[in-house]
Amino acid sequence: MVQTLMYGVPSGCSFGSIVALEWLGEPYRLCRIEMPAVVTSNAYRTINPAGETPTLVTATGERISESMAILNHLGARGIDKGLSFAQGTAGFDRLNQMLAFLNTSFFAAFGPLWYALEHEAEGPDRDVLRAYGAAQVAKAHANLEAMLGDKEWLLGDRRTLADAYFIGIARWTKYHDVVDRRDYPGLQRLFERLEADPAVRFAHAIERGEAPVGTGGFQGEVSLNDILRQQALAA
């Protein structure tokens, strides 16, 4: 069985896991999950009871949800490619610290803005949500800029899975227009470097519904029904 990533569109945080799979180079498939209709469906909840993406169905049929868990699962096989570090090392601790910040602070900062947009908030409610979200996003960008310093990548002189996760979230500024990334020159340089990466361009094309040729181990897309049938046969 080929590992399969169930990714959310439009613009899900699972973007980073697609990039990570391309960097890793192992065989994988993708399964497109429309949000919010399909991701909250009973069919998808049989795979992920939380009704969230991403979900990785491993080569042995196990299911892993949450970006941090998926990235660490992939990273364990990408140590020789410089994508992660051996558990128990200082590098592994720094990677997990960065992933935790990206998940709990950088990602979460956009929460009020997504709520206002997706629930079509209006009037004072919208103003409050956007003001709070804008402050949180600006704070998260300032903190991450300080953490990046003059490094080429988030953890130093080589890209890691933290950079893959970052690019999937950093692009959300275009939807909300509450910060100008150019005010954070280090993050802007990192964003531009990643946007030029073939794996990132591939992930963008996948989200647009195109049929790009990957540079990794991409073996095509399957449907949710395909995965459900495979799970039933394996039961």
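1. Start at a proline. Pro10 is found in the loop between strand E1 and helix H1 (15-24). Helices (H or I, at least four residues) and strands (E, at least two) are DSSP runs, numbered from the N terminus. A cis peptide bond joins Val9 and Pro10, with omega about 5°. The model is predicted: local features need pLDDT of at least 70, side-chain atom pairs count only at pLDDT 80 or more, and totals for chains, interfaces and linings use all residues. Residues are numbered from 1 along each chain as its sequence is written, and side-chain values use heavy atoms, with hydrogens and water left out.

2. Ser11 is also found in the loop between E1 and H1. Its phi is near 55°, a positive value in a residue other than glycine. Ser11 is buried, with a relative accessible area of 7%. Here buried means under 20% relative accessible area, exposed over 50%, and partly exposed in between (1.4 Å probe, protein chains only).

3. A cis bond is also found at Pro54. The peptide bond from Thr53 to Pro54 is cis, with omega near 5°. Pro54 lies in the loop between helix H2 (42-45) and E3.

4. Look next at Tyr7, in strand E1 (residues 4-9). Tyr7 counts as buried, at 0% relative accessibility. Not counting residues up to four places away in sequence, Tyr7 touches Ser14, Ile18, Leu30, Cys31, Arg32, Ile33, Thr53, Ile206 and Glu221. Contact means heavy atoms within 4.5 Å. Tyr7 and Glu207 are 200 residues apart in sequence, yet 9.0 Å apart in space, C-alpha to C-alpha.

5. Where does Thr58 lie? Thr58 is in the loop between strand E3 (55-57) and strand E4 (63-65). Thr58 counts as buried, at 6% relative accessibility. Leaving aside its neighbours within four places in sequence, Thr58 is in contact with Met1, Gln3, Ile64 and His73.

6. Now the largest pocket. Its volume is about 820 Å³. Of the 26 residues that line it, the closest to its centre are Gly12, Met35, Thr53, Phe107 and Glu118. Helix H3 (67-75), helix H4 (90-109) and helix H5 (111-118) are the elements that give two or more residues to this lining. The largest share, three residues, comes from H5. By class, the lining has twelve nonpolar, eleven polar and three charged residues. Ala, Val, Leu, Ile, Met, Phe, Trp, Tyr, Cys and Pro count as nonpolar, Asp, Glu, Lys and Arg as charged, and the others, Gly among them, as polar.

7. A word on pocket terms. On a 1 Å grid over the protein atoms alone, a pocket is an open set of points with protein on both sides within 12 Å along at least five of seven lines; a cavity is a set of points where a 1.4 Å probe fits but cannot get out; lining residues have an atom within 4 Å of a point. Grid points are joined across faces, edges and corners, and a volume is the space filled by probe spheres set on the points.

8. How many aromatic pairs does the structure hold? The structure holds eight. Phe106 and Phe166 form a stacked pair, 5.8 Å centre to centre, with 25° between the planes. Phe106 lies in helix H4 and Phe166 in helix H7 (residues 161-170), so the pair ties together parts that are 60 residues apart in sequence. Phe106 counts as buried, at 1% relative accessibility. Phe166 is buried, with a relative accessible area of 1%. Rings of Phe, Tyr and Trp (its six-membered ring) pair if their centres lie within 6.5 Å; planes under 30 degrees apart count as stacked, over 60 as edge-to-face and the rest as tilted.

9. Trp114 and Tyr175 also pair. Their ring centres are 5.5 Å apart and their planes at 45°, so the pair is tilted. Trp114 lies in helix H5 and Tyr175 in helix H8 (residues 173-176), so the pair ties together parts that are 61 residues apart in sequence. Trp114 counts as buried, at 16% relative accessibility, whereas Tyr175 is partly exposed, with a relative accessible area of 35%. Ring pairs link Phe106, Phe107, Phe110, Trp114, Phe166, Trp172 and Tyr175 into a cluster.

10. The charged end of Arg181 sits over the ring of Phe191, 3.6 Å from its centre. Arg94 lies over the face of Phe85, at 5.9 Å from the ring centre. The rule is NZ of Lys or CZ of Arg within 6 Å of the ring centre and within 35 degrees of the ring normal.
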